[in-house]
Amino acid sequence: MSISLPPATENNSNSLQPTGWLRFISFSLDHKVIGLQYLVCGFIFYLIGGVLAGAIRIELLSPISDFLARDVYNQVLTLHGTIMIFLWIVPVVNGAFGNYLIPFYVGARDMAFPRLNAVAFWMIPPAGLMLITSYFINGAAQSGWTAYPPLSITTPAAGQIVWIVSVLLLGGSSIFGGINFIATILKLRRPGLKLMQLPMYCWAMLGTSILVVLSTPVLAGTLILLSFDIVAHTGFFNPALGGNVIVYQHLFWFYSHPAVYIMVLPAFGLVSEILPVHCRKPLFGYITMVYSIMAIVVLGLVVWAHHMFTSGTPPWMRLFFTIATSFIAVPTGIKFFNWVATLWGGRITLNSAILFSCGFIVNFVLGGITGVALAQVPFDIHVHDTYFVVAHFHYIVYGGSVFVIFSSIYHWYPKFTGKMLDEKLGIIHFVLTFIGFNLCFAPQHWLGLNGMPRRVAEYDPQFTLINQISSVGALLMAISTLPFLWNILYSFIKGEKAGNNPWQALTPEWLTTSPPPVENWSGEAPLVTKPYGYGEKNSDEGSSPITQA
Amino acid sequence: MTTIPSTKEKSEELTSSEHQHSDHRLFGLITFLVADGMTFAGFFAAYLTYKAVNPLLPDAIYELELPLPTLNTILLLVSSATFHKAGKALEAANSKQCQKWLLITAGLGIAFLISQMVEYFTLPFGLTDNLYASTFYALTGFHGLHVTLGSIMILIVWWQARSPGGRITHVNKFPLEAAEIYWHFVDGIWVILFIILYLL
């Protein structure tokens, strides 16, 4: 069915909106503005979360709790986890790049629901501010980002309730975003563009959004019940009142395992966009990539209980979830080999974007291997809730998603701003991050295998040296942010002009000016049926396609 | 070459659709209802798990009577039918009929809420008495919130369909259609809830 919108809604609202930099702090409906709002907002929270991580690593320099009091340490680690997951990685890999790129990729002038899109973004800053200010007022939540009861019921209630409200807001934002992405990808495609011709990031976002829509509401419901337990003293998750803590864990992980894929599937998509451009080869195995994304979506929904092998899970459950989890290695492995095959024999330009993408591939395969190991019940019971798990998921979310975010910033910054980033600084940033990251988290595998528990401010003195090495790695990571920040700010002012398509890329966002105009293209949207047609005989690679559009 | 040169028909097709794109709001609404349904699914899963593994404590009181919720089920099912009638009347551009059926639907929704309140006040247990009592109030309360929102929506739709030049006409049916889909969804959830909570 088709409707005639109130005449020129889009034009009217756009002309009423501020122009220039002011639009970045306004309720803008332009998907590109919203994308950059997500990105900058997320990065600010990343810096805050990074400071908290620094506080954790300083505390862990010595085996006693000297830098932070124990309850402060608990607050710091809770805030660190919550901020990094819900305010940095999820909004940035989904909201930032999704909003900026998806309308280009489907050949649309904006997202399907621009107002909903702006609402979804503007739910994030208040939620984040609330979370952070709770630390200064009544003390933040202390029960970790998992908020397991009975811990979350017995720790001070004020901080925990603020945490719940904040996560509910962020979850709502995420659901609105997911609905928008599904509608945009499925319904707003330019006439003539088939699903199987879409760039891989669209598929990744479609899969991610399906996970968001199916699993985030369950978390929301669970947190509402948890807030009843805290405020009204009901007993849903309180064994003392006849409740059941395991039910919370099941419901929580029904969201929070897919949340891992919500953080990492878009990263898979972004890498699949970046690699072909910089090695001048088509993406290897497009169709298998699509099917493996969808396989990860389906499997991702039925593996949650592998987080609960020490929670008294019955044997059949252990068996099922071990097998299902191990199966995820198959589609993920397919993607890994496809990326390697894409690189293989390519004309690789070793710039910061591809370095970070390759860093991602290396880190992610390490994190993936420990993931398969953790799926095995006997091993998992040994290392459950130790630093081995901490190392594992940082390899996935930092070594995976955050490396890809940096790679994407290096890749798309010319499109965002029209300026090139400095390559030398970019490579310094990469080297520092890669060494710092591995120095920080690789030793934690050893710590975990030897029994150092996570989330505790104090530890056995035998672990001191390795913890100090890990903290040195964290320091390097902190330092690595400086050349990056300088690069971003300096290049914005003084960087060399990028032109419309500095990478000679074929995906549609490069077929317009940098930065793009308000409705993306001055004329009609280009029909890009071969987004990865590099190195083909008839492709006029090297000449700028924009001139013919 | 990946950009296809603009053929005449293509560019015409696009310019004509520049300020008129197909309506995806119903698609968005249905996606949202899937998400909303998953919230209920989580609650149902929790309740069924409790039933399977958490026995009622010996001194706890948890008894439900059937007559009132059965009446509620009938109220909601009838209201789904009357809403459907309202939609049909709007399609036939019969605004008067449409308004009548909308009012009846809203009335049935409000009757449901009143009847639910009566049930709440006559039940022998309170919110925090025991696990099953808490789950009962959480589930029916969350559903009741949906009915409340739905009734308000219907009244707004009725208000806007009232004046002859109002926003909701047989040309602009979307608000009514959206409220109708939402209402059917809420009724469907009630049927599942009724079976799980009262009959099982």
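In the predicted model, helix α2 (residues 25-53) of chain B and helix α6 (residues 174-199) of chain B approach each other, their axes coming within 11 Å and crossing at roughly 15°. Because angles under 35 degrees count as roughly parallel, α2(B) and α6(B) are described as roughly parallel to each other. The crossing in which α2(B) passes α6(B) is right-handed. On the α2(B) side, the contact involves R25(B), L26(B), L29(B), I30(B), L33(B), F40(B), F44(B), Y47(B) and L48(B). These residues meet F174(B), E177(B), A178(B), I181(B), Y182(B), F185(B), I189(B) and I196(B) of α6(B). By class, the contact of α2(B) with α6(B) comprises 15 nonpolar and two charged residues, with no polar ones.

Chain A contains 16 helices and zero strands. The C-alpha trace of chain A extends over about 70 × 50 × 45 Å along its principal axes. The radius of gyration of chain A is 23 Å, in agreement with the value near 24 Å that a compact globule of 549 residues would have. Of the 549 residues in chain A, 55% are buried. When contacts in chain A between residues at least 6 apart in sequence are considered, 83% of them join residues at least 24 apart.

Two cis peptide bonds were identified in chain A. One runs from P149(A) to P150(A), with omega near 5°; P150(A) is located in the loop between α5 (124-137) and α6 (151-154) of chain A. The other links S514(A) to P515(A), with omega near -15°, and P515(A) belongs to the segment after α16 (464-494) of chain A.

Positive phi values also occur at non-glycine positions of chain A. D385(A), which is not a glycine, has a phi of about 60° and is placed in the loop between α13 (377-383) and α14 (387-417) of chain A. With 13 other C-beta atoms within 10 Å, D385(A) is partly exposed, since a residue is exposed at 12 or fewer such atoms and buried at 20 or more. Q504(A), likewise not a glycine, has a positive phi of about 55°. Q504(A) lies in the segment after α16 of chain A, and its 15 C-beta neighbours inside 10 Å classify Q504(A) as partly exposed.

Conventions. Residues numbered from 1 in each chain as written. Chains lettered and ligands numbered in written order. Predicted model: local features only at pLDDT ≥ 70, side-chain atom pairs only at ≥ 80, totals over all residues. Axes fitted to C-alpha atoms, helices over the stretch in contact; angles between N-to-C directions. Helix = DSSP H or I, 4+ residues; strand = E, 2+ residues; numbered from the N terminus. Parallel < 35°, antiparallel > 145°, perpendicular 65-115°, else oblique. Left-handed = near helix turned anticlockwise from the far one by under 90°. Contact = placed C-beta atoms within 7 Å. Nonpolar A, V, L, I, M, F, W, Y, C, P; charged D, E, K, R; others polar. Rg over C-alpha atoms; globule rule 2.2 N^0.38 Å.
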